[in-house]
Structures are given as C-alpha cells and as structure tokens.
Amino acid sequence: MMCREVADLIEPIAAGELEPTPDVRGHFETCPSCALMLATARRLEAALVAHQPPPIPDRFVAAVLHRVRRERWRMERNVDLIFNVAIFVALLIVVGGVLALVDVSGVVSASSDAWVGLSAMGTQVARQIAPAINTYIAAAGLLLTALGMWWWAERIPYH
Amino acid sequence: MADFDEATLIERCRTGDDIAFGELVERYKHLVYGMVWRLTTDRSRTDDLAQDVFLKIYRGLPYFRGEARLSTWIFRIVSNVCAQDRSHRREETSASPVREPGRDDVAFAELELRDRLDKAIAQLPENYRVLIAAHYLHEVQYEALAEALDIPVGTVKTHLYRAKRRLRELLQ
C-alpha cells in the first residue's frame with residue numbers, strides 16, 4: 001500500500017469515524033512518516049475535543065437585554081428628534097407661506113409698529129428688574145448648570 | 001421562561017417582546033458564545049463580541065424573511081462579526097511546528113499545542129474556521145451543522161477533513 005493511498009484516510013481514522021483495514025493498519029506499522037502523521041492527527045483531534053469554551057457568565061443574557069433596551073431607547077430618541085425637527089421645519093414653511101400670501105409691505109409696516117411697542121415695554125421691564133439683576137443672573141446660572149449636568153448624565157454609558 | 005416554536009419566537013421578538021428575545025438569547029447563547037470564543041483571536045473580547053452578535057440579530061430580525069433557518073443566519077452573523085473584529089486587529093499568527101513532548105513535560109506540551117492550535121486555526125480560510133469552531137462545540141454534530149449551514153452532510157465532512165489536514169500540516 002502506498003502513502004498517498006492512506007493520506008485521505010488519516011483524518012477519518014484519527015476522528016474514530018473509520019476503522020482501518022488490515023492493509024491500512026499494516027502500512028501505518030511499517031511507514032514511520034504516515035505513522036507520525038496519524039499520531040499528530042490524533043493529538044490534534046484530542047486537543048480540538050478538549051479545547052472547549054469557558055462557562056458563559058451568569059449576567060450574559062441580562063447584559064444582552066440591557067444593550068437591546070438601550071438600542072431601542074436610542075432609536076426612539078432619534079425618531080423623536082427627527083419628528084421635532086420635521087415639525088419645526090414645517091412651521092417655518094407655513095409661516096413663510098403665510099407671509100408670502102399676504103401683503104408683505106403691510107406686514108412689514110405692522111411689524112415695525114409692533115417692534116416700537118415691544119421696545120417700550122422691554123425698557124419698562126428692564127427698569128423694573130434692574131435692582132435684582134444679580135439674583136436673576138445667579139438663578140440663570142443655576143438653571144444652566146442643572147441643564148448641563150442633565151445633558152452630561154444622559155451621555156454617560158451605563159453597564 | 002416561555003417555550004415558543006421558532007417562527008412564533010421570531011414574530012414575538014419583532015414586536016419588541018423582551019421576554020421572547022430573552023428566550024432567543026437563552027436558546028442560542030451556547031452556540032454564539034462558543035463560536036465567538038473559538039473564532040476570535042482575542043479571548044478577552046468574547047463577551048463583548050457575543051453581545052454584539054445578539055445586538056445584530058436584534059437589529060436584523062425585522063428583515064429576516066425566514067427563507068433560511070435562524071441558526072444558519074446566526075452562523076453568518078457570528079462569522080461576520082468575528083471577521084470584522086479580526087480585520088481590525090491583525091495579529092501575528094504564525095504556527096510553529098509541533099515538538100514531540102518528553103514524558104516529563106506532557107502537560108506543558110499540551111498547553112503549548114493548544115496555543116499553537118489557536119494560531120493555526122486563525123490561519124485557516126474563513127469557511128474552514130467556522131466549521132471547526134461549530135463542529136467541536138459539544139452539541140453540534142455533522143447533521144445539525146449541515147442543516148444549520150444549509151449544505152449536505154458529505155460536504156461538511158469533506159470540508160472538515162480538509163480543514164483538519166490543513167491544521168495538521170500547519171502544526172507538523
């Protein structure tokens with residue numbers, strides 16, 4: 001029997017899926033090269049069988065579900081954002097369309113009168129709040145800090 | 001945990017049912033985790049990559065048409081996730097020849113063989129690597145593998161023998 005004839009039988013024999021015939025067995029007994037290949041194949045087979053993954057961590061399923069929930073939350077947030085932007089753009093288009101439909105010069109004149117009125121009102125409000133301006137600035141600062149902390153907390157990845 | 005058949009399970013997962021998706025993860029966690037563990041070159045990343053696989057399954061379920069078996073589709077996702085990870089972290093994977101162990105260092109030689117085996121497996125073509133990874137997980141036999149990969153049992157055996165021969169040549 002020739003070496004090339006047994007070459008294709010080495011892996012099935014090593015895996016225990018093929019019983020070698022007396023001829024094949026005889027060849028392995030007399031051919032050191034093929035015997036070494038069979039021995040290596042058997043060691044390889046044993047190593048592959050023995051080499052099993054470690055136990056799955058207990059928290060694995062919970063961790064997957066946690067990531068899935070975060071993914072869903074992100075997707076919903078993106079949908080909300082897109083919806084809000086779409087609403088804002090739609091409003092701008094509607095306002096623009098209304099302005100284009102009415103007499104623009106009339107609108108400009110009316111808005112000019114409204115501006116004068118608003119300026120007078122603004123001046124009066126400014127005079128009233130001037131003595132307490134420090135309090136308003138401190139309150140605005142606190143509000144901005146709180147909003148900043150909220151924004152930062154939302155961005156922290158949690159596991 | 002509820003016991004759904006596969007089609008019902010998929011449908012329930014598509015509606016955002018967390019219990020159903022938890023059941024899907026329970027069913028396939030051993031397959032996914034074991035495959036990832038065998039296919040990745042960085043074992044410390046097994047947990048993260050296996051989670052990535054399930055996240056991709058979650059994202060892809062709405063587009064899964066059920067033409068192939070769920071396990072076939074999962075095999076492909078595992079294979080893709082590990083291949084992407086490998087392409088990100090190319091490593092030196094040369095396999096050195098097997099040294100015949102002496103009687104006094106058999107245990108050490110077996111550990112050494114495992115290490116070289118990992119490196120040799122990393123050098124196999126992708127389809128051989130997936131077959132080796134799947135077949136040597138406890139529960140996946142030829143028939144199940146053929147069904148999962150949608151190829152004949154004979155082809156599975158032939159490819160596995162070729163893969164092992166290639167491994168042996170790399171190690172010898």
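**Interface and aromatic pairs of chains A and B**

Between them, chain A and chain B bury about 3,900 Å², 62% of it on carbon and sulfur atoms; buried area is the accessible area (1.4 Å probe) lost by two parts on being put together, summed over both. The model is predicted: local features need pLDDT of at least 70, side-chain atom pairs count only at pLDDT 80 or more, and totals for chains, interfaces and linings use all residues. Residues are numbered from 1 along each chain as its sequence is written, chains are lettered from A in the order in which they are written, and side-chain values use heavy atoms, with hydrogens and water left out.

**Interface**
- The contact (heavy atoms within 4.5 Å) takes 35 residues from chain A and 45 residues from chain B.
- Eight salt bridges cross the interface of chain A and chain B, a salt bridge being a side-chain nitrogen of Lys or Arg within 4 Å of a carboxyl oxygen of Asp or Glu.
- One salt bridge joins the side chains of R72(A) and D18(B), at 3.0 Å from N to O.

**Aromatic pairs**
- The whole structure holds four aromatic pairs over all chains (Phe, Tyr or six-membered Trp rings with centres within 6.5 Å; planes under 30 degrees apart are stacked, over 60 edge-to-face, the rest tilted).
- The ring centres of F21(B) and Y58(B) lie 5.4 Å apart with planes at 80°, so the pair is edge-to-face.
- F64(B) and W73(B) form a tilted pair, 4.8 Å centre to centre with 35° between the planes.
- F64(B) is buried at 7% relative accessibility, and W73(B) is buried at 16%.
- Ring pairs link F60(A), Y33(B) and F54(B) into a cluster.

Definitions and conventions. Buried < 20%, exposed > 50% of the residue type's maximum accessible area, 1.4 Å probe, protein only.
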